[in-house]
Amino acid sequence: MDTLLLKLSFHAFCFLFLLTATTSATILGVTYTSPLTPPSSSAAGNTSVLPPPPQLSHPEAIAYAVSTLGFRALRLSHPDPGIIRALAFTNVSLLISIENELLIPLASSRSVADDWLRVHVLPFYPRSTIAVISVGDGTVPILQSELLLPAIRNVDLALQDFGIKDISVTATLSFLDVVTGIIPPSLATFREPMGEQVIRPLLQFLEDHSSVLLVDLSPYKVSRMYSQIPLGFSLFQGGEQSFYRDFSTGLTYHNMFDLMVDAVANSLEIFGYEDMPLVVAAAGWPSSAVGEDGSADPDATRANAEAYLSSLVAHLKVTPERNQVMKQVYLEHLIDAETEQGTQIWGILDRNLSNKYPRTDFSSSAAASIQGMTKTPKKRMIPRDPVTVSDYFQGRPANWTWMAIWVYDSLLVVAIICVLFFVSAVLFLGLEVGIVVAIRGLFN
């Protein structure tokens with residue numbers, strides 16, 4: 001009996017532990033930006049290659065690379081219908097962006113939103129798991145920022161017209177554009193006048209529609225602006241000797257990433273949206289960078305990029321308390337891409353799909369299992385993916401796999417209750433017999 005009780009208690013403990021870990025874990029994704037020319041599917045002479053089958057098309061090769069690296073979420077900054085189709089019936093959840101150039105027509109006409117959805121969503125939904133649509137991608141011109149919410153509303157209404165209710169609509173904001181006073185993070189707030197004119201109405205819309213806030217968060221860009229920040233602090237390599245203490249909160253930071261996340265969280269709290277789920281839409285480190293003057297940035301090296309990415313991935317696995325606010329992190333980029341002024345190369349894979357950082361485990365199973373970012377009234381969710389045990393508590397539809405797991409664990413719980421009841425009854429009966437024997441001994 002004791003052995004059975006011990007086994008059942010162990011199973012129940014494991015179930016509760018897995019449930020807690022699942023609900024608090026940060027999802028790891030990656031950003032893909034369509035290159036001007038498709039990468040080659042071969043990389044002769046490179047031993048760290050992800051070799052896709054030669055018959056794959058370019059979109060299929062991208063889908064193959066995402067799955068092989070173990071990512072469970074993909075952000076398409078320039079959505080390619082071919083890639084969306086290639087990810088049908090996979091475990092990869094999609095965050096697709098609408099280019100900034102479409103803000104003006106989207107804000108003025110819902111028919112533009114209808115046309116965009118007919119090309120990028122309707123042919124593939126629900127076979128491809130499209131969880132979120134971001135209207136705008138990163139830096140939005142100041143003169144167009146007030147068009148952001150009208151454009152978002154039109155896309156959301158167009159989705160409703162098509163009968164689609166489980167795709168969230170939001171916007172991607174650039175950290176450097178919207179947050180000011182990040183050191184210390186407890187004094188950070190949204191930059192005005194954009195804060196009151198644009199961000200507050202946006203946050204209210206996101207809360208009303210159970211959506212999330214996307215922020216382009218890049219410590220590399222911030223470190224270039226603040227020369228006093230040590231490189232090791234930005235790369236998670238400072239150790240115990242490199243830290244920043246926020247005397248207002250008493251918190252000690254050992255890396256720039258956490259400091260920036262808390263700066264955003266504090267800005268949300270000041271505006272009264274401290275429970276707003278946050279998705280880090282971009283975080284990475286370039287393997288090379290050349291400025292407009294032609295000089296190379298000595299901090300942008302492959303070694304530093306690998307140190308940053310591997311440390312960030314490891315950090316996300318061991319800091320569950322931070323994941324109550326930060327629901328997803330997208331690394332930039334899947335394949336080498338040139339961005340920003342001058343030339344900066346960001347990418348986990350070379351253009352020939354060879355892995356630049358083979359020692360880093362990007363597997364989302366090591367960092368998290370996705371819970372779902374579908375819209376539910378009065379309840380915020382995070383990006384959608386295959387059903388897990390914890391989805392029962394999120395009000396998600398069931399399938400047979402989920403039901404089988406739930407029934408199994410429910411039977412375990414019932415069995416534990418029965419065993420505890422039986423043991424309690426035996427102990428109570430034994431105690432009652434002992435009392436009767438004792439009383440009889442007193443009178444004999």
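This is a predicted model: local features need pLDDT of at least 70, side-chain atom pairs count only at pLDDT 80 or more; totals for chains, interfaces and linings use all residues.
Entry 1. Helices α6 and α8 are roughly parallel to each other, because angles under 35 degrees count as roughly parallel and their axes cross at roughly 20 degrees. I noted that α6 covers residues 148–161 and α8 covers residues 194–208, and that the two axes come within 10 Å. The crossing of α6 past α8 is left-handed.

Entry 2. Which residues of α6 meet α8? I found L148, L149, I152, R153 and D156 on the α6 side, and P201, L202 and F205 on the α8 side. Sorted by class, this contact of α6 with α8 holds six nonpolar residues, two charged residues and no polar residues.

Entry 3. I turned to the strands. Eight of them form a closed barrel with parallel pairing, in the order β1-β2-β3-β4-β5-β8-β11-β13. From one strand to the next, the twist averages 25 degrees. I reminded myself that strands of a sheet pair through backbone hydrogen bonds, either parallel or antiparallel.

Entry 4. On one side, β4 and β5 run parallel and are joined by four bridges. In this pair, I133 stands opposite V169 of β5. With β8, three bridges join β5 (residues 168–174) to residues 213–216, and these two strands also run parallel. Here I found T172 opposite L214 in β8, and S174 opposite D216 in β8.

Entry 5. Is β5 mostly covered or mostly open? It is mostly covered, with seven of its seven residues buried. I then sorted the residues by direction. S168, T170, T172 and S174 point one way from β5, while V169, A171 and L173 point the other way. Residues of both groups are buried. For comparison, I wrote down the general rule: in a regular strand the side chains alternate between the two faces of the sheet.

Entry 6. Which strands does helix α5 lie across? Helix α5 (residues 110–120) lies across β3 (93–98) and β4 (129–137). I recorded an angle of about 140 degrees between α5 and β3. Strand β4 had already come up in Entry 4, as the parallel partner joined to β5 by four bridges.

Technical notes. Residues are numbered from 1 along each chain as its sequence is written. Side-chain values use heavy atoms; hydrogens and water are left out. Two strands pair if DSSP finds at least two bridges between them. Axes are lines fitted to C-alpha atoms, for helices over the stretch in contact, and angles run from 0 to 180 degrees between N-to-C directions. Contact means heavy atoms within 4.5 Å. Buried means under 20% relative accessible area, exposed over 50%, partly exposed in between (1.4 Å probe, protein chains only). Angles under 35 degrees count as roughly parallel, over 145 as roughly antiparallel, 65 to 115 as roughly perpendicular and the rest as oblique. A crossing is left-handed if the near helix is turned anticlockwise from the far one by less than a right angle, and right-handed if clockwise. Ala, Val, Leu, Ile, Met, Phe, Trp, Tyr, Cys and Pro count as nonpolar, Asp, Glu, Lys and Arg as charged, and the others, Gly among them, as polar.
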